[in-house]
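Biologist: I am new to this structure. Could you walk me through how to read it?

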Amino acid sequence: MTTPPALLIAGHGTRDDAGAEAFRAFVRELGRRRPELPVAGGFIELSPPPLGEAVAELVERGVRRFAAVPLMLVSAGHAKGDIPAALAREKERHPGLSYTYGRPLGPHPGLLRVLERRLAEAVDPSWDPAEVTVLLVGRGSTDPDANAEVFKAARLLWEGRGYAGVETAFVSLAKPDVPGGLDRCARLGARRIVVLPYFLFTGILPDRVRTQTEEWAAAHPETEVRSADVIGPEPELLDLVLERYEEAVKGDLRMNCDSCVYRIALPGFEDKVGLPQQPHFHPDDDGHHHHGHGHTHSPSHAH
């Protein structure tokens, strides 16, 4: 019987210890689910263990082949460039190692079910969904394609669920910001708003979303505002990661490149098309430091 490729989980990283531990606990749970499968996980930046350490751990366990799954909701600079660059570097460090690269999680129906649960937990059971406006808040990116994926998730969440509307905002790098998104909801006539963070685990940015929501709510007492929780290590998330693993192993990678800023000239971003890839190197590779976001990427990122 052929040994299946190992599973490598690639995370973004956070300065929040609880968020980093949530990732590590999630990786451990994946290993418990699939005991026959070597599983390891590491971060691109900010938190230990770094991705290179996770690869080294797999190699020490005798792994020669693995499938890497980015534990990210949207395909932005990290998923498109930094992780592929890091994996290419690890392949050079460990001769004979081979890997396939899976696609980000995206607005999968399983995750939409979790988001729906988070909304149900946040609202008063007596509320009519038709009177509730949802503000889905994403991380935010300088990549318009990544930001558009958050809008896609918002639309899919709205379809068929009976909410008054699902608006979109971002906590960094993109507009509208959280107060701007709440202002928009209010201008559209919303009297009951649920702010729903589009994040996998707790961390600095989800905490910021909640704080900004509370500040806006205090200044607008005429509007009832509730904060929902992050997605968290739900069974649907575990199932989805394993689904992405199986896709990568079988070579069934259906990443959407139709509006990728590195392939298509989008208005205002024409200079990004075809840029050579510059790996997002962290010279110490210790998982603790952040050396800036001077990323450029080429059309050769893995699809």
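**Reading the loops, sheet and cores**

Modeller: P49 sits in the loop between β2 and α2. Those labels are DSSP runs, with helices (H or I) of at least four residues and strands (E) of at least two, numbered from the N terminus. The model is predicted, so local features need pLDDT of at least 70 and side-chain atom pairs count only at pLDDT 80 or more, while totals for chains, interfaces and linings use all residues. Residues are numbered from 1 along each chain as its sequence is written, and side-chain values use heavy atoms, with hydrogens and water left out.

Biologist: Which peptide bonds are cis?

Modeller: Start with the general idea. Most residues other than glycine have a negative phi, and most peptide bonds are trans. Here the bond from P48 to P49 is cis, with omega near 0 degrees. The bond from K175 to P176 is cis as well, with omega near -5 degrees. P176 belongs to the loop between β6 and α6.

Biologist: Where does L46 lie, and what is its phi?

Modeller: L46 is in the loop between β2 and α2. Its phi is positive, near 75 degrees, and it is not a glycine. L173, in the loop between β6 and α6, has a positive phi of about 70 degrees and is not a glycine either.

Biologist: Is L46 buried or exposed? And L173?

Modeller: Buried means under 20%, exposed means over 50%, and partly exposed lies in between (1.4 Å probe, protein chains only). L46 is buried, at 13%. L173 is exposed, at 63%.

Biologist: How much of the protein counts as buried?

Modeller: Of its 303 residues, 53% count as buried. The accessible surface comes to about 13,600 Å², and 52% of that belongs to carbon and sulfur atoms. Such areas come from the Shrake-Rupley method with a 1.4 Å probe; for residues, only the protein chains shown count as cover.

Biologist: Now the sheet. In what order do its strands come?

Modeller: Strands of a sheet pair through backbone hydrogen bonds, either parallel or antiparallel. Two strands count as paired if DSSP finds at least two bridges between them. The protein has eight helices and eight strands. Four strands form an open sheet, in the order β2-β1-β3-β4, with parallel pairing. From one strand to the next, the twist averages 25 degrees.

Biologist: How many bridges join β1 to β2?

Modeller: Five bridges join them. G11 has F43 of β2 as its bridge partner. Strand β1 (residues 6-11) also pairs with β3 (residues 65-70), over five bridges. There, L8 stands opposite A68 in β3.

Biologist: Which helix packs on the sheet, touching β1, β2 and β3?

Modeller: Helix α2 (residues 51-60) does, and its direction makes about 160 degrees with that of β2. Axes are lines fitted to C-alpha atoms, for helices over the stretch in contact, and angles run from 0 to 180 degrees between N-to-C directions. Helix α8 lies across β1, β3 and β4, at about 130 degrees to β3.

Biologist: What covers the faces of β2?

Modeller: The line to follow is burial. Both faces are covered: V39, G41 and F43 on one side, A40 and G42 on the other, are all buried.

Biologist: Which residues touch the most other members of the largest nonpolar core?

Modeller: A nonpolar core is a set of buried Ala, Val, Leu, Ile, Met, Phe, Trp, Tyr and Cys residues joined through side-chain atoms within 4.5 Å. The largest has 51 residues, and L7, I9, L30, L71, L105 and V241 touch the most other members. Helix α8 (residues 235-250) gives the most to this core, with seven residues. A second, separate core of 18 residues includes A54, L58, A68 and I83.

Biologist: What is I9 in contact with?

Modeller: Contact means heavy atoms within 4.5 Å. Leaving aside neighbours within four places in sequence, the partners of I9 include F23, V27, L51, V69 and V241.

Biologist: Which residues of α6 are buried?

Modeller: In α6 (residues 178-187) they are V178, G181, L182 and C185. Seen down the axis of α6, they fall within an arc of 100 degrees, so they line one face of the helix. That arc is taken from the directions from the helix axis to the C-beta atoms.
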